[in-house]
Amino acid sequence: IQKVIKKICCIGAGYVGGPTMAIIAQKCPEIEITVVDLNQKRIDQWNDTDVSNIPIYEPGLSDVVAEARGRNLFFDTDIDKAIDESDMIFISVNTPTKTYGKGKGMAADLKYIELCARQIARVAKSDKIVVEKSTLPVRTAQALKNILDHTGNDVNFEILSNPEFLAEGTAVSDLTNPDRVLIGGQQETEKGKQAVEALVSIYANWVPKDKILTTNLWSSELSKLTANAFLAQRVSSINAMSELCEITGANVDEVAKAIGMDSRIGPKFLKSSVGFGGSCFQKDILNLVYIAKSYGLNEVADYWEQVILMNDHQKRRFAHNIVKTLYNTVSDKKIAFLGWAFKKDTNDTRESPAIYVAEELLLEQAKISVWDPKVKDAQVYTDINTLGSIEADEVDNKLQVAKDPYEACKNSHAIAVLTEWEEFNTYDWQRIYDNMHKPAFVFDGRGVLDKNKLQEIGFVYYRIGEGGV
Ligand code: UDX
Ligand code: UDX
Ligand code: ADP
């Protein structure tokens, strides 16, 4: 086992692998890093001479890539070569929810992970440290080790778990200045300890030692699922209160502020919304629920499942409130969507609440016009068509992506805010109002618009979690 890592290979050039490796490369110029992927187009985008065309939009990321790319950061599709030459291999491939067979809709699909393990075993001719970067079910490291040891070329593999806690939209600052770095390994063996030390010393180049936490493998794997479950639970908890606020005349932002000042609760992650989205929360909780069930822990499973059920309810409730308010029919009415991404400062739309709100409204025969500052037109159509619940020509007919916010809102009956993009507050709201049907409704699913200003202009303004006066 190499104590000083000279070459790293990262399998998977996605939202996790790309930014993580870019930062390691920036902070450790003496380590050569190759990020590989099966997807030629994605690799080409990472290599685009115009660095603003890299496939993932994250504030500050293109500067980091510009600095390191070609120096000690490389993107390639030759996976075998990168594995062969490396001392340490990060696995950052996707682990979507299974769409078939046992555990369908719940369990993590580990086929991409297993393919990586088999490829590493086949190719490796020297000892390797294999790092799980993707979020995985607890005890996956065991399966990895079995495959590597039984199909490999008699070289030594040490498995580490090093889950990534970065959030999208803040990837660069999260990676540069993490709350903690978690490294799980087999501390009870000498080689296991050395492997942990090798990874610790990489992070120690920029992360203070007291923020680098080392644990056993299973704690590390489980902590990642637990962290996401707790975060999602906070959102579902405040969203549950938002519904009660709306009925009782309380204001969810005031409630959140009041409870957040209790240092035991803390102020962060208490923003009520139209629901959480993103690739992680739902997938990881479903996975946690599945794991609990598979050990017969039904109460544990049911407890966490409520977080998802509440979230589904919040999205549906938002859509139904629009229909109800628009006199119980939205058929052929135009509704403008401000925002499609699952949160601001990202072009990612995976599990975005906007998709599900749009689905409900399209099923009510509404026309939807979408404006999002970063999401590409085709992505919006793909997201809806992937649901499979609405006929393709109906989608073409009713769903439109606008060139700018004014076009999206023109002649609409209502505006729905689905993402908390800051630019929404800079629009000429008088102009938007003048071009809408009256009464002009705004449904603010993120609680971000200037209520007083909009009401002065004449909008009928509804904000998630705010009771009617
Ligand atoms: C609680 C609230 O903390 C307080 O703000 C409110 O005004 C009244 O209710 P109290 O019931 O006195 O106060 O005690 P608290 O320290 O909150 O503990 C409540 C229970 O939770 C205890 O049985 C405690 O042992 C348990 N607990 C608390 C845990 O099991 N684990 C913890 O991490 C914290
Ligand atoms: C999350 C975790 O934060 C991160 O640590 C983990 O590595 C991956 O999953 P991410 O999905 O990128 O990151 O975004 P996050 O900022 O956590 O937001 C998730 C969703 O919750 C978004 O849809 C966001 O709008 C929503 N949210 C978040 C709220 O509705 N209210 C809040 O207070 C916080
Ligand atoms: P994440 O959010 O976990 O980073 P992404 O879907 O953004 O997930 O990225 C995962 C990447 O892993 C994709 O670009 C995919 O093509 C790549 N990938 C999946 N399986 C393999 C494999 N066996 N070898 C190489 N790359 C893979």
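1. UniProt positions are given here in the numbering of this model, with feature names shortened, and such annotations may be inferred rather than shown by experiment. The unreviewed UniProt entry places the feature "active site" at Cys280.

2. A word on the basis. This is a predicted model: local features need pLDDT of at least 70, side-chain atom pairs count only at pLDDT 80 or more, and totals for chains, interfaces and linings use all residues. Residues are numbered from 1 along each chain as its sequence is written, while chains are lettered from A and ligands numbered from 1 in the order in which they are written.

3. Where does Cys280 sit? Cys280 is found in the loop between helix H10 (252-260) and helix H11 (281-294). Helices (H or I, at least four residues) and strands (E, at least two) are DSSP runs, numbered from the N terminus. Cys280 counts as buried because it has 23 C-beta neighbours inside 10 Å. The scale: buried means 20 or more other C-beta atoms within 10 Å of a residue's own, exposed 12 or fewer, partly exposed in between, with C-beta atoms placed from the backbone. Leaving out residues up to four places away in sequence, Cys280 touches Thr135 and Asn228. Contact requires C-beta atoms, placed from the backbone, within 7 Å.

4. Ligand 2 has Cys280 among its closest residues, with Lys271, Ser273, Phe276 and Gly278. The shell holds 19 residues, counted when the C-beta atom, placed from the backbone, lies within 6 Å. Helix H9 (217-248) gives the most, three residues. By class there are 11 nonpolar, four polar and four charged. Nonpolar covers Ala, Val, Leu, Ile, Met, Phe, Trp, Tyr, Cys and Pro; charged covers Asp, Glu, Lys and Arg; the others, Gly among them, are polar.

5. Ligand 3 is surrounded by 20 residues, the closest being Gly12, Gly14, Tyr15, Val16 and Val93. Here helix H5 (111-123) gives the most, with three residues. The classes are 10 nonpolar, eight polar and two charged.

6. Helix H3 (61-68) has Val64, Val65 and Ala68 buried. They cover an arc of only 100 degrees around the axis, which puts them on the same side of H3. The arc is taken from the directions from the helix axis to the C-beta atoms. Their cover includes helix H1 (17-27), strand S3 (73-76) and helix H7 (171-176). Gly70 follows H3, with a positive phi near 85 degrees.

7. The domain assignment gives domain 1 (7-207) and domain 2 (309-463). Their C-alpha centres lie 37 Å apart. Five residues of domain 1 are in contact with seven of domain 2.

Technical notes
Two residues are in contact if their C-beta atoms, placed from the backbone, lie within 7 Å. Domain bounds come from an automatic or database domain assignment.
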